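Subject: Structure for you to look at

Hello,

Please find the structure below, with the sequence. My notes on what was found in it come after.

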Amino acid sequence: MKEDMQRLVCLAGAGGIRAAARLMTMAQDSPERMAELLSASRVWPEPRIVVGLTGPPGSGKSVLVDRLIAGLRKRRPERRIGVITVDPSSPYSGGALLGDRVRMMRHAADPMVFIRSAATRGRLGGLMLGVVGTVRIMGLIGSDVVLIETVGVGQGEVEIAKLADLVTVIFPPEDGDSIQLLKAGLMEIGDIFVINKADQPGAGRRYVQLRAALALGEGRPDDDLPEVHLISALEDKGVGELIEQLDRRYERDHAHWRVRRKAAIESEIRRAILEEFDRQCAQAIGSEEVKRILNDETSVMELVKEISSKIAIGAYQSGGCCS
Amino acid sequence: MTEMAKETNCRASSMDFGGKGVPPARILIGKVGLDGHDRGAKYVAHILRDAGFEVIYTGIRRTPEQIVATAIQEDVDIVGLSFLSGSHKSFFKRVIDLLEKNEASDIILVGGGTIPAADISSLREAGVRAVFTPGASAKEIVETFAALSEKHKGLR
């Protein structure tokens, strides 16, 4: 039986946490329902600011997120905070251990904090849809700030971070020499940079190296360099300054963010359609179809026609969790 | 991956989610109370991960309130709690009450640890669907979680 999305949206909009969580599962599990959800979400309340936090494993992202939650809650006790943490799925078993919450458990029973873990599930398109949907639902339940934490390894995670209004890249002090900072990837996507673990040796030097590397970027004027924060999340030092920086960026750029979010909906709906199409195709192509090609019984073009006509009559509809 | 995991992951694997597979079931594994013996909980989290489940691990010394709020926000199918402290009866009761209060009684509860045989039937009567004691095999645990999670998904 399909759960009634509209009913869940109503319940979540009225503050129903269980309904919101069910909708998030739908967003993660059922691409065929996402276009519907994304389209409906155009009239939902939106988070004021969506921040992506990424960086290498062990750079202290989860602890920093924990401190950001605490800092934001203290500053604005009446406002809700959403957190999405992404951890990898096993390419062998498909399972995942989602452990980022361990660092944030002191906020678990705070009714103004909603934390949701997501596994990468080996499919970038599906994951991005799931995270986009989850951000929207966080908006629906009235979240002011949404933090998205991803491990900054691999293209997928970088793409996820780019869903945010602002991307914060976090480095630990002991992360290789200055050449690492010249490499493509993380260094290019950051709006704000953090050297975490300032309580450890080498952090100061890393800070200088990072600023120097950023200054090399395509002739930017000195006053337009991304800001670099030296933080010790562990000792809760420098976190307040980072929150102030996020607010300053909001003041400066929120009009631009609004336009960008509106423009993104179109490509998100396109992605939802493609995901569902891909799912149905994957279902249609089994070993039998491959064998027919191997035995010269059919051509790829013939097979495409055959599969398309089967898709057209709904031969592969549903199959998500809710069917 | 073990043979056991290979056999069982067909039900929970996500890698063929784009094909004929179904999305993985989500499981919360955690410990409540002051008991810090987490080796068993971590082991179970690990074998469930290897069997294709998505496991949300909460760590040690959590309150029933934290466990229930997490279970709801993460929309899990099953909550598995480990006890080596003798406090399983009172804490399970509190978790069951809180799930009810939050209209989340459909979430399946499972227990494990050094739970005396004499307590198992009363836990089961209270609504704990399975109890694993020392000596339970990985295969038995994985199969039970697979069967229970399938049942839970069927409710939706």
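The contact between the two chains of this predicted model involves 42 residues of chain B and 38 residues of chain A. On the side of chain B that touches chain A, four elements each supply at least two residues: helix 1 (3-12), helix 2 (39-50), strand 2 (54-57) and helix 3 (64-73) of chain B. Helix 3 of chain B gives the largest share, six residues. Sorted by class, this side of chain B consists of 18 nonpolar, 13 polar and 11 charged residues.

The chains are also joined through strands. Leu98(A) has Ile56(B), in strand 2 of chain B, as its bridge partner.

Within chain A, there is a helix pair to look at. Helix 1 (residues 5-13) of chain A packs against helix 2 (residues 17-29) of chain A at an angle of about 135°, and their axes are 8 Å apart. Angles over 145 degrees would count as roughly antiparallel and 65 to 115 as roughly perpendicular, so helix 1 of chain A and helix 2 of chain A are oblique to each other. Their crossing is left-handed. Helix 1 of chain A contributes Met5(A), Leu8(A), Val9(A), Leu11(A) and Ala12(A) to the contact, and helix 2 of chain A contributes Ala19(A), Ala20(A), Arg22(A), Leu23(A) and Met26(A). By class, the residues of this contact are nine nonpolar, no polar and one charged.

Regards

Definitions and conventions. Residues numbered from 1 in each chain as written. Chains lettered and ligands numbered in written order. Predicted model: local features only at pLDDT ≥ 70, side-chain atom pairs only at ≥ 80, totals over all residues. Contact = placed C-beta atoms within 7 Å. Nonpolar A, V, L, I, M, F, W, Y, C, P; charged D, E, K, R; others polar. Pairing = 2+ DSSP bridges. Axes fitted to C-alpha atoms, helices over the stretch in contact; angles between N-to-C directions. Parallel < 35°, antiparallel > 145°, perpendicular 65-115°, else oblique. Left-handed = near helix turned anticlockwise from the far one by under 90°.
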